[in-house]
Amino acid sequence: MKLLFFDLETTGIKYWRNGVHQISGEIVIDGVTKESFNFNVCPHPQCEIEEEALRICNVSKEQIQAYPPMREVYVKFVNMLSKYVDKFDKKDKFFLVGYNNASLMRKRHEMTDFKQETVARALGIQIDSAKLHDASYDIQLTKEIYNRISSLSFMG
């Protein structure tokens, strides 16, 4: 099985108005990590940049505007993925593993919110609060959440 764990950091929570400034993840094939990645990307010039989102991610507007352009990062990302899948083979695909997982629906109503930190804590995962909202750290939490949820789903 080919898994693509990923996490994004954005300039806000409005997908139609804000932009991506970091994408991180791991490529895991048959249980073995093949590659990790952490791309900083300059958001689209017309996107809205919210100061609160930058504060949470511990970056400044000047920092993210100095990141490599989107097109450059896109080419690197596609080239990396192409090492592991054949885009012309309809059966050779990644299973995308992001943070929001439906496997928690039986516990969801008991949680104060559905933020990654809350979900991780509910599953008994140790958190380093100082590292939250860095896509590289968040991907580690995503993998741990995935592993815990996968083992829970096999138990019924």
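Which residue in β4 is the bridge partner of L4? In this predicted model, the partner is L96. The two strands concerned, β1 and β4, run parallel and are joined by 3 bridges.

This pairing belongs to an open sheet of 4 strands, arranged in the order β3-β2-β1-β4, with mixed pairing. At its edges stand β3 and β4 (95–97), each of which pairs on one side only. From one strand to the next, the twist averages 20 degrees.

At the other end of the strand order, the pairing is antiparallel: 8 bridges join β2, residues 20–29, to β3, residues 32–40. Within this pair, S24 stands opposite N38 in β3. The two strands form a hairpin with 2 residues between them, and D30, in the turn, has a positive phi of about 50 degrees.

A helix accompanies the sheet. Helix α3, residues 70–82, lies across β1, β2 and β3, and α3 runs at about 175 degrees to β3.

Attention may now turn to the largest pocket, which holds about 960 Å³ of space. Its lining comprises 26 residues, and those nearest the centre are L8, E9, T10, I13 and H133. The elements giving two or more residues to this lining are β1 (2–10), α1 (51–57) and α5 (116–122). Strand β1 provides the largest share, with 5 residues.

Terms used: Residues are numbered from 1 along each chain as its sequence is written. This is a predicted model: local features need pLDDT of at least 70, side-chain atom pairs count only at pLDDT 80 or more; totals for chains, interfaces and linings use all residues. Side-chain values use heavy atoms; hydrogens and water are left out. On a 1 Å grid over the protein atoms alone, a cavity is a set of points where a 1.4 Å probe fits but cannot get out, and a pocket is an open set with protein on both sides within 12 Å along at least five of seven lines; lining residues have an atom within 4 Å of a point. Grid points are joined across faces, edges and corners, and a volume is the space filled by probe spheres set on the points. Two strands pair if DSSP finds at least two bridges between them. Axes are lines fitted to C-alpha atoms, for helices over the stretch in contact, and angles run from 0 to 180 degrees between N-to-C directions. Contact means heavy atoms within 4.5 Å.
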